[in-house]
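Here are some exercises to work through with the sequence and the model side by side. Try each task yourself before you read its solution.

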Amino acid sequence: HMFNGSYANVYLGRAGFPPYEGDDDAYLAENPAAENHWAWPYRDVTLGMKWNDQWLSNQDRDQDGSLDRHSGYPSYIGSGAWETNHMQGSYEVEVNGNIKQHHWTYFVKIVAVPSDATYDDANGNGNADDGETWYNGDGIEIGPSIWGAFAEIQSVENDPFAGLHGKQYGSPAGPGFGQYGPE
């Protein structure tokens, strides 16, 4: 599956707002509460997402009124779900009294961890908190935890002004999706 558009539109719709189409004044005149939504500041970030059926299907097979997630599994763990995000945007910075426009890109691969995965519970709370590390059943690092049941297996960031160039993280277990298929 695929989505291409404003990063904010991935989340504004869930909050009952219509899609943002690029005109701040017109949008906020019709939807003033959108300005307080956490995703509003990211409306000018372009997002390209790709994902498989286990992440989010285009069907409601169990008739619960929602599109299926991790179909046939009690949670995402072990389901083989995966997603990629490719974001890009720009920002202005004053350099030597001049305003400069800086362009950035960010790409990340995220997988649902396998059922035999463990994590370093650095916070000691029994949850895989964001940033803690997931390991596969052989003790090899999968990647940093994100949203509990998922791990980042690869990230690439380019922001020359911030000094970021190329791969920022690559899983020692490998950056491919195949090894994280449904169990």
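**Exercise 1. Find which residues Trp55 is in contact with, leaving aside its neighbours within four places in sequence.**

Solution. Step 1: contact means heavy atoms within 4.5 Å. Step 2: with that cut-off, Trp55 is in contact with Arg69, Tyr76, Ala81, Trp82, Glu83, Ile110, Trp147 and Phe150.

A word on the source: this is a predicted model, in which local features need pLDDT of at least 70 and side-chain atom pairs count only at pLDDT 80 or more, while totals for chains, interfaces and linings use all residues. Residues are numbered from 1 along each chain as its sequence is written, and side-chain values use heavy atoms, with hydrogens and water left out.

**Exercise 2. Describe the largest nonpolar core and say which elements contribute to it.**

Solution. Step 1: a nonpolar core is a set of buried Ala, Val, Leu, Ile, Met, Phe, Trp, Tyr and Cys residues joined through side-chain atoms within 4.5 Å. Buried means under 20% relative accessible area, exposed over 50%, and partly exposed in between (1.4 Å probe, protein chains only). Step 2: the largest core has 19 residues, and Trp55 is among those with the most contacts inside it, along with Leu47, Tyr76, Ala81, Met87, Ile110 and Phe150. Step 3: α1 (7–12), β2 and β4 (98–112) are the elements that give two or more residues to this core; helices (H or I, at least four residues) and strands (E, at least two) are DSSP runs, numbered from the N terminus. Step 4: β4 provides the largest share, five residues. Step 5: another core, of ten residues, lies apart from this one, and includes Val113, Ala117, Ile142 and Ile153.

**Exercise 3. How many salt bridges does a search of the whole structure find, and how accessible are the partners of each?**

Solution. Step 1: a salt bridge is a side-chain nitrogen of Lys or Arg within 4 Å of a carboxyl oxygen of Asp or Glu. Step 2: the search finds two. Step 3: one joins the side chains of Arg43 and Asp24 (3.0 Å, N to O). Arg43 lies in the loop between α2 (24–30) and β2 (46–51) and Asp24 in helix α2, so this pair ties together parts that are 19 residues apart in sequence. Arg43 is buried at 18% relative accessibility, whereas Asp24, at 25%, is partly exposed. Step 4: the other joins the side chains of Arg61 and Asp68 (3.2 Å, N to O). Here Arg61 is partly exposed at 43%, and Asp68 is buried at 5%.

**Exercise 4. Look at the backbone of His70 and Asn96: what is the phi of His70, and what is the phi of Asn96?**

Solution. Step 1: most residues other than glycine have a negative phi. Step 2: His70 is not a glycine, yet has a positive phi of about 40°. His70 sits in the loop between β2 and β3 and is buried, at 18% relative accessibility. Step 3: Asn96, also not a glycine, has a positive phi of about 50°. Asn96 sits in the loop between β3 and β4 and is exposed, at 77%.
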